[in-house]
Structure formats: C-alpha cells, structure tokens
Amino acid sequence: MAGMLLHTLVAARAAWAQENKDTTKEVPPLAATVDGEPVYVGEVDVLVYNLQKTRQVVPAGLNKARAEILNQVINRRLAERAIRREGTFVTKAQIDKEIDKIKTQAYGMRLSLDQYVAKRRITVDVLRHEVGWNIGWAKYLEAKLGEALEGYFNEHRKELDGTLVRASHILLRSDRFNESVPQLLARAEKVREEIESGTITFEQAAEKYSAGPSRHTKGDLGYFPRYAVMTEDFSKAAFDLKKDELSKPLATAFGVHLIKVTDVKPGTKQWTESAAQLKSPASIDLFDKLVKKERESAKIEFTGKCPYLKPDTNELVLPARSSQ
C-alpha cells in the first residue's frame, strides 16, 4: 500500500514537473535596463521589423538602426516613468481592456493571444508595454498639449510667427578656388577675420570673394521666412543670428557661406493660428524634455545582447561574438 502511494506521488510530481516545463516561458533576452526595469531585445526587433516594412534598411546600416531604436525604447521608458509620477498614466484596467480587444481580433484570425504575439515577433509583456504606452501617451498629450503648444510657439516665435529676415552672404565654392571643403572653411575663417578686424567690409568681401550671383548686390539675398525658401542649414543659421551679426563659416551643398543678417521684420501670427501645425513638433518637444530630465538621474545599463550607442559619445557598440 505504502509502495503504491509512493509510486503515485512520484508519478504526480513527474507529471507536474513536465507540465511546469511546458508552460513556463523562457525569460526573453534583455537589451538594457532602466533603473532595473527591463528593456527586451524583442521590443527592438519588432520595431526594426516594422521599419524594414516601410523603409529599406541596407544590411550595413542595420546595427545602427537597431541601436537607435533601442535608444528610442529607452527614451519611452524614461518618459513613461515621468508621467507615472504625475499620476496621469494608464491603469492596468485600461491596458486589460485593450488587450481583450486584441484577443478578439486574434480569435477572428483563428489565433490565440500567444500565437498572435509570436507572429508579431514579440511577447505578451512587450505587447502590454506597447499598448500601455500608446494609451498613456495619448492621455498625457490630451492633458498637456494645449499648454505645450503655446510654450513651444513662444520658444520658437521667430520661426513660427511669420518673421522675415534679410540676409547677405559670401559664398566660397570649390570650382572657383580649386579647394576641398576643409580648405574652403579655413579660407572663409580668414575672410571672416578680415571683416571682423575692419580690414575689409562685408560688402567689399562679397564683391571680392563670393562665387554667388548676389556678389553683384554686395551679397544681399533679400527677405525670406524661416522655412521653404532657403535650404534648412542656411535658413537655421540665418535665423539664429542677431541683426548685424556675422556667422561662422557654414558648409552646405552649395559651398561654404559667411552669413550676415541686415534686418529683421517681426511677424504678427499668434500660436492659436498655427495650432494644427504645432501639434507634431510640440509633442516631440514635450517628449524630449521629459526624457532629458529623467536621464539626469536614471541608471541605464546595457547587456550587450543588442547593438547600442554609448551615452556620452554615441559610438556604436556591437554585441560580442560568442566564443563557442
């Protein structure tokens, strides 16, 4: 009798162990931790997979793309943590409700939730993070975006209120001097020093050195707005200058420039007139500010199982190859 009982207990334990082995899921590999909170390699992989469906990523650039996406996921964790402290983030019940909807969609495709997430190359935990972030960030924007729009507009008023600047430039080109870009930058710096010392005026330097057609008008380009007229690099540099300020040498696709702003016409547009156009940049700005503040105190550690960028240098670090 005792032998039969012992046999039954041993058989039951073996059966439990087998069941436990079958149902216990392997812990997914970690790419990094944020103050101990896991960031999974699978989270990075699914975003890379989605990126490859919408944009071609050459094999040589895949590791860099994975590292940049890992940085995005970490930034999301940091922003999420900041929002949680304010008590405005998503609740477990809200996530569960959305997961139930996804389950229904999966059943419609004759898939279980586990099969559904496996097909997407993620885990249920990763799916819950994804759902939680989407709901929580939308909720946060709903509460904060109105104030953020006005704040973003005021910080970038010169760019957004219709302000016009009048600028002149001196353009140095390789075909005129038979020099490389580094050599042109050095030449432009010497010209800048001549102007700053009073050896030559900006207008005289434009007539003497510039390869652009504006040399005939002493470098004058007229008035232009922040966007859609000049190239982005040139326009940004011009709008960053004060009236009568001379820029440092700037290299663009057209050559090397020295820029001088000669007049500014302030715009009159208010933020309410541009609210629709401000939503995207203001949302990004709000996110970046949350992340920047959180990074000051966060402890971010990389496991080396996914390419990553060194925080201080942005140097790409690749996973170490196994010695086996």
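Student: What should I keep in mind about the numbering and the predicted model?

Tutor: Residues are numbered from 1 along each chain as its sequence is written, and side-chain values use heavy atoms, with hydrogens and water left out. As this is a predicted model, local features need pLDDT of at least 70 and side-chain atom pairs count only at pLDDT 80 or more, while totals for chains, interfaces and linings use all residues.

Student: Thanks! How many helices and strands are there in the protein chain?

Tutor: The protein chain has twelve helices and nine strands. Helices (H or I, at least four residues) and strands (E, at least two) are DSSP runs, numbered from the N terminus.

Student: Why is the chain called more spread out than a compact globule?

Tutor: Set the two values side by side: the radius of gyration is 29 Å, whereas the globule rule gives 20 Å for 324 residues, so the chain is more spread out than a compact globule. The radius is taken over C-alpha atoms, and the rule is 2.2 Å times the number of residues to the power 0.38. Along the principal axes, the C-alpha atoms fill a box of roughly 110 × 50 × 40 Å.

Student: What makes Trp133 and Trp137 a stacked pair?

Tutor: A pair of aromatic rings is described by the distance of the centres and the angle of the planes. Rings of Phe, Tyr and Trp (its six-membered ring) pair if their centres lie within 6.5 Å; planes under 30 degrees apart count as stacked, over 60 as edge-to-face and the rest as tilted. Seven aromatic pairs turn up in a search of the whole structure. For Trp133 and Trp137, the values are 5.3 Å centre to centre and 10 degrees between the planes, hence a stacked pair. Both residues lie in helix α6 (residues 124-155), four residues apart, about one turn of the helix.

Student: And why is the pair of Trp137 and Phe287 edge-to-face?

Tutor: The ring centres of Trp137 and Phe287 are 5.7 Å apart and the planes stand at 85 degrees, so this pair is edge-to-face. Trp137 is in helix α6 and Phe287 in helix α12 (residues 275-295), so the pair ties together parts that are 150 residues apart in sequence. Trp133, Trp137, Tyr140 and Phe287 form one aromatic cluster.

Student: How do you know whether Trp137 is buried or exposed?

Tutor: Buried means under 20% relative accessible area, exposed over 50%, and partly exposed in between (1.4 Å probe, protein chains only). Trp137 has 13% relative accessibility, so Trp137 counts as buried. Phe287, with a relative accessible area of 18%, is buried too. Over the protein chain, buried residues make up 36% of the 324 residues.

Student: What do the buried residues of α11 pack against?

Tutor: In helix α11 (residues 232-240), the residues Phe234, Ser235, Ala237, Ala238 and Phe239 are buried. They pack against α7 (157-160), β3 (164-172), β4 (220-224), β5 (250-252) and β6 (255-265). Contact means heavy atoms within 4.5 Å.

Student: Why is Arg77 called buried?

Tutor: The relative accessible area of Arg77 is 3%, so this residue is buried. Arg77 is found in helix α3 (residues 62-85). Not counting residues up to four places away in sequence, Arg77 touches Val34, Glu37, Pro38, Val39, Glu43 and His129.

Student: What makes Ser214 buried, and where is it found?

Tutor: Ser214 is found in the loop between α10 (202-209) and β4. With a relative accessible area of 8%, Ser214 is buried. Leaving out residues up to four places away in sequence, Ser214 touches His169, Gly219, Asp220 and Leu221.

Student: How should I class Asn314 and Asp35 by relative accessible area?

Tutor: Asn314 has 54%, so Asn314 is exposed, while Asp35 has 40% and is therefore partly exposed. Asn314 is in the loop between β8 (308-309) and β9 (316-317), and Asp35 is in the loop between β1 (30-34) and β2 (37-40).

Student: What is the phi of each of these residues?

Tutor: Asp35 has a positive phi of about 50 degrees although it is not a glycine. Asn314, not a glycine either, has a positive phi of about 60 degrees.
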